[in-house]
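Have the model open and follow along.

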Amino acid sequence: MQRPEMNDFYQVRDAEPDEHGLIEAALVPLRDLVLYPNMVTPLFVGRDRSLAAIMAAQSAGETVIGVGQIDSDNPEPGPDDLFHFGTEMALGRLMRMPDNTTSVIAQGRRRVEIVRFVKTEPYFRVKARPIVESTARTREIEGLMRVVLTLFEKCIQLNRSLPEEALIYAMNIEEPGWLADLIVSSLDLSLEERQGLLETIDPAARLQRVSVLLGHELDVLEIEEQINAQVQQEVDRNQREMYLREQMRVIQTELGEGDPFQQELEEIRKRVLDSGMPPEVLARALKEMDRLAIMPTMVPEVGIIRTYVDWLVDLPWSKASVDNLDIDHAAKVLEAEHFGLPKAKDRIIEHIAVRRLAPDKMRSPILCFVGPPGTGKTSLGRSIAAALGREFVRVSLGGVRDEAEIRGHRRTYIGALPGRVLQTMRRAGTVNPVFMLDEIDKLGHDFRGDPSAALLEVLDPEQNFAFSDHYLEVPYDLSKVLFITTANTLDTVPPALLDRMEVIEFSGYTDYEKLEIARRYLIPRQLEQHGLLDSGIRIDDKTVHAIIRQYTYEAGVRNLEREIANVCRKIARQVASNRTYRKRVTPDSLLKYLGPPEFLESKVEDVDQVGLAMGVAWSEGGGDLMEVEISLMPGKGGLTLTGQLGDVMQESVQAAQSYLRSRARTLGLKESVFEKTDVHVHLPETAIPKDGPSAGITVAAAMISAFTGRKVLSKVAMTGEITLRGRVLPVGGIKEKILTCHRAGIRTVIIPERNSKDLVNIPRKVLSEMSIIMVKGMDEVLSHALAPAEPKTRRPRKTTADKAAKPKVTRRPAHKPARPIGDPSSPTSPMSPASGGPSAR
């Protein structure tokens, strides 16, 4: 950058100040520009007012004053929209541009301060005070100039946009103010920073601010240089690696060794040919290999194709484990690891027998183990695999909501993989494993799809021989897999999926079965896990029975094993501490090891009561006793239901009430009683939702007891659906309900006659200790569930004085029958005034 000669600007002289030291000149607003003295820059003029000022100044041979706009977006700035400091400029000749604007070369002369505006039309004309700068070079200024030049030199070295001529020109400037202006004009600063330096009059202060700005600019340039160096280093490394790989390829070609990538492709191709794929899958794999061979190694799709081919190779296509078809061996394995469960064991033995007779004609069954938690469903699957000599794999479906979890994602997605079915088959390594789908009843579904619908193809023998995964997009044969699913309940399993499975129910264990399981499996396992096998610890059968009755209340044995482990931990602590301990665990020592009992021996009331009947409910945990309480209160015939009763159970209560009212005359009740009495039906444990029709006869018995005053036998439990005509219909879960009564100490159970077929599945030992009463109608239920009516209390004989004092009462005719038990006017009836009002208990 060179300082232009004066003849380039028509020998324009600076304006002469008047007696007040002010000059008068035209003013040109500058947009996004600050012009410093001694600097030359082109101005692009587009506004009529600015063009008129420039033409008037050139006609008069005068200078103009350039002042920056405060707001650059203002198209027509006024006097208040301009800064108060500007620069007196000499203008060159005007040049018309293609965009209809005018360009003029301007040279800054000196700083000026605007005093006032003389006129604003047709252009701005102002009075301004010229500012005279000091040119003295003190030691401070000399030091500042050297510092500024040093920083400016470093900036030029790091910033390629700054020419080296700017440093040479700056080194030859003698005036400190001019040096500061030159360096500032070379930096990329904001308009406010440039204007602030223009308004800084003192050269020393201006150099000080310039040094700060140069330091900041130098820091930014150094960071930028580091980033550029890192990027360039990475680019150089990649280029060097590519160059070395190309050299290595050429060298290996000359030596006859070949390309490593090609060698790897040949190895993969050999694995594809040796994998035993079906022809259709083999053709697809070879096609992908051909695509992989012609692609450069640095293409991202190489990794996607390579992963796909690896999945095809790693899946088992023909490798199968040899089945052990020895029936005696399978029976021993199943019996050695599980006690009871005859249905499931017989089904597996039957499957092995058929496989032995017709190995290639029968398809693998699809079993569904349904039962309460802790009954051995998952562990039996492992035993089945051991009995058959197959691999065992398991997938938990609890909480799965995405269909892609079963079928996989399509390869268009980044990071796509096959579904859990094929992932598990890859882990199994054979085409015929025992494949357990755990917790199938806990599948969910949302906007991402329904995984249970995707399982329809997996669990259908008519379709799973050509299962299609979204990732592989080739058929895969699942027909040789022995699928076993587990569930706690079938209510949430879709009907279409349930239709494809053979359901085997796992009932809750009896106390005897739990005792045998603990003796054979649980106690030895816990003693081994706690290092107590050689300690001589012995847990008596009475102790185990006490744990079952007082510390657990379940259909399975998980909590039983947990409590046994708790006892073993307490003993292990004493053994490890070298303290004395008892080698025999007795029922009396359970208080020390396990604390106070968590469950009572029985939930059954010991006293027969009016309006209180015992029902039995089925649950996922097996079964549970359910009390039904009826209270009668004076009112208008209202019915109140409490205890979180579901819709079906509420309808059962209404049916029981309708049956009672229809049989009122037979039961000795008047119709007016129901219109004056409110009935409150309550089932305790209100935090637990209850539903189902099996409590119908229980509610009816309790309600009839409340109205007639006959007590319900406390040692009798009942279950069955009631109709309006008093018929008792069959219900489900009979086995679980009878086992629950047996566990609770109830030995008399009333069930529908049509449920007699379900007694076959109940252990004989339990049936021998129970009294099962099968009924067809409600009359039979009442005869077995309600206590006999209490005899009437005779009235005391009246004395002669009483007879004389009261008129003679006419006796009842001999032909009229006696009033039945439960008549509201009877003194013993709860509805009679003598009984003190309606009451259920």
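What percentage of the 841 residues of the protein count as buried? The figure is 47%. Keep in mind that we're looking at a predicted model, so a word on confidence comes next.

On average the protein has a pLDDT of 82, and 90% of the residues reach at least 70. Residues 1–7 are another matter: pLDDT is below 50 there, and the stretch makes 14 contacts in the model beyond its near neighbours in sequence. The run 799–841 also stays under 50 in pLDDT. For that run, the model has 60 contacts beyond four places in sequence.

Now for the overall build. The protein contains 27 helices and 24 strands. Its radius of gyration is 50 Å, whereas the globule rule gives 28 Å for 841 residues; the actual value is well over that, so the protein is more spread out than a compact globule. You can see this in the box that the C-alpha atoms fill, which runs to roughly 155 × 105 × 65 Å along the principal axes. As for how the chain meets itself, take the contacts with a separation of 6 or more: 73% of them are between residues 24 or more positions apart.

Next, the open spaces. The second largest pocket has a volume of about 800 Å³. It is lined by 34 residues, and the ones closest to its centre are E505, F506, S507, K735 and E736. Which elements each supply at least two residues of this lining? They are α11 (342–357), β13 (502–505) and α24 (734–744). By class, the lining of this second largest pocket splits into 16 nonpolar, 9 polar and 9 charged residues.

How many cavities of 30 Å³ or more turn up in a search of the whole structure? There are 6, and the largest cavity has a volume of about 70 Å³. To find the largest cavity on screen, go to E605, V607, D608, Q609, L612, A613 and M614, which are among its lining residues. Sorted by class, the lining of the largest cavity has 6 nonpolar residues, along with 2 polar and 2 charged ones.

Notes. Residues numbered from 1 in each chain as written. Predicted model: local features only at pLDDT ≥ 70, side-chain atom pairs only at ≥ 80, totals over all residues. Heavy atoms only, no water. 1 Å grid on protein atoms, 1.4 Å probe; cavity = no way out; pocket = protein on both sides within 12 Å on 5 of 7 lines; lining within 4 Å. Points joined across faces, edges and corners; volume = space filled by probe spheres on them. Nonpolar A, V, L, I, M, F, W, Y, C, P; charged D, E, K, R; others polar. pLDDT = per-residue confidence, 0-100. Contact = heavy atoms within 4.5 Å. Helix = DSSP H or I, 4+ residues; strand = E, 2+ residues; numbered from the N terminus. Rg over C-alpha atoms; globule rule 2.2 N^0.38 Å. Buried < 20%, exposed > 50% of the residue type's maximum accessible area, 1.4 Å probe, protein only.
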